[in-house]
Amino acid sequence: MNNQKLENAINTYKKHIAENGEIEAIKERKERKEYYQSWTIEKIKKETPVIIIDIHAEATAEKICMAKYYAKLGVSGIFGTHPHVQTADEQIFPQGTAYITDLGMTGPKNSVIGMDVQVSFKRFETALPEKYKIAEGECILNAVKFEIDDNTNKVTAIKKIFINE
């Protein structure tokens, strides 16, 4: 967003606060955001009836909250990514939306989230930036399989996959 657009947005927000009060301005902004999110999902549904969302975030609570919101909008499946550790909370919400907090990792087994252990340790030990190096060796694969009903586009089963060979 360029400076002029940002300044216009701020001025519009300030004007709305002056006319309606801060609480009403916050409510209006929240309603506008929810409208655009639901509008986007509805637009995508015109292209494909099955929608899968990746929530790339650290906090579990963030992911669960966002997943429950998107489940209300009719999304078929939601999976989290980022911590690189597969969670054991796979479930199907009442709306028929599959969910897991973190899919896990696909990469070298003897690693720190796929990176060379010594390089990762050096980053912690010295607190200095160090270029990551991808670890080598046997790999693991974490994934999730969603079974989706072709008629309702709702998930009927969710299965974690962990291949460690």
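Biologist: How many bridges join strand 6 to strand 7, and are the strands parallel or antiparallel?

Modeller: Strand 6 and strand 7 run antiparallel and are joined by nine bridges. Strands here are DSSP runs of E with at least two residues, helices are runs of H or I with at least four, and both are numbered from the N terminus. Two strands pair if DSSP finds at least two bridges between them.

Biologist: What kind of model is this, and how are residues numbered?

Modeller: The model is predicted: local features need pLDDT of at least 70, side-chain atom pairs count only at pLDDT 80 or more, and totals for chains, interfaces and linings use all residues. Residues are numbered from 1 along each chain as its sequence is written, and side-chain values use heavy atoms, with hydrogens and water left out.

Biologist: Back to the two strands. What do strand 6 and strand 7 form?

Modeller: They form a hairpin with six residues between them, and asparagine 153 in the turn has a positive phi of about 65°. Isoleucine 148 stands opposite valine 155 in strand 7.

Biologist: Which strands make up the open sheet, and in what order?

Modeller: The open sheet consists of three strands in the order 5-6-7, with antiparallel pairing. Strand 5 (106-108) and strand 7 (155-164) stand at the edges; each has a single partner strand, so one side of each lacks a neighbour in the sheet.

Biologist: And how many bridges join strand 5 to strand 6?

Modeller: Three bridges join strand 5 to strand 6 (residues 139-148), and these strands run antiparallel. Threonine 106 has leucine 141 in strand 6 as its bridge partner, while glycine 107 stands opposite isoleucine 140 in strand 6.

Biologist: New topic: glutamine 86. Where does it lie, and is it buried or exposed?

Modeller: Glutamine 86 lies in the loop between strand 2 (77-81) and strand 3 (91-92). Its relative accessible area is 17%, so it is buried. Buried means under 20% relative accessible area, exposed means over 50%, and partly exposed is in between (1.4 Å probe, protein chains only).

Biologist: Which backbone oxygens does its side chain reach?

Modeller: The side chain of glutamine 86 reaches the backbone oxygen of alanine 143 at 3.1 Å. A polar atom of that side chain also lies 3.2 Å from the backbone oxygen of isoleucine 161.

Biologist: Now the charged residues. How many salt bridges are there?

Modeller: The count comes to five salt bridges, where a salt bridge is a side-chain nitrogen of Lys or Arg within 4 Å of a carboxyl oxygen of Asp or Glu. One of them joins glutamate 90 and lysine 160, whose closest N and O atoms are 3.9 Å apart. This pair links distant parts of the chain, with glutamate 90 in the loop between strand 2 and strand 3 and lysine 160 in strand 7, 70 residues apart.

Definitions and conventions:
A polar contact is a pair of N or O atoms within 3.5 Å; within protein, one must be able to donate a hydrogen and the other to accept it, and residues adjacent in sequence count only if both atoms are side-chain atoms.
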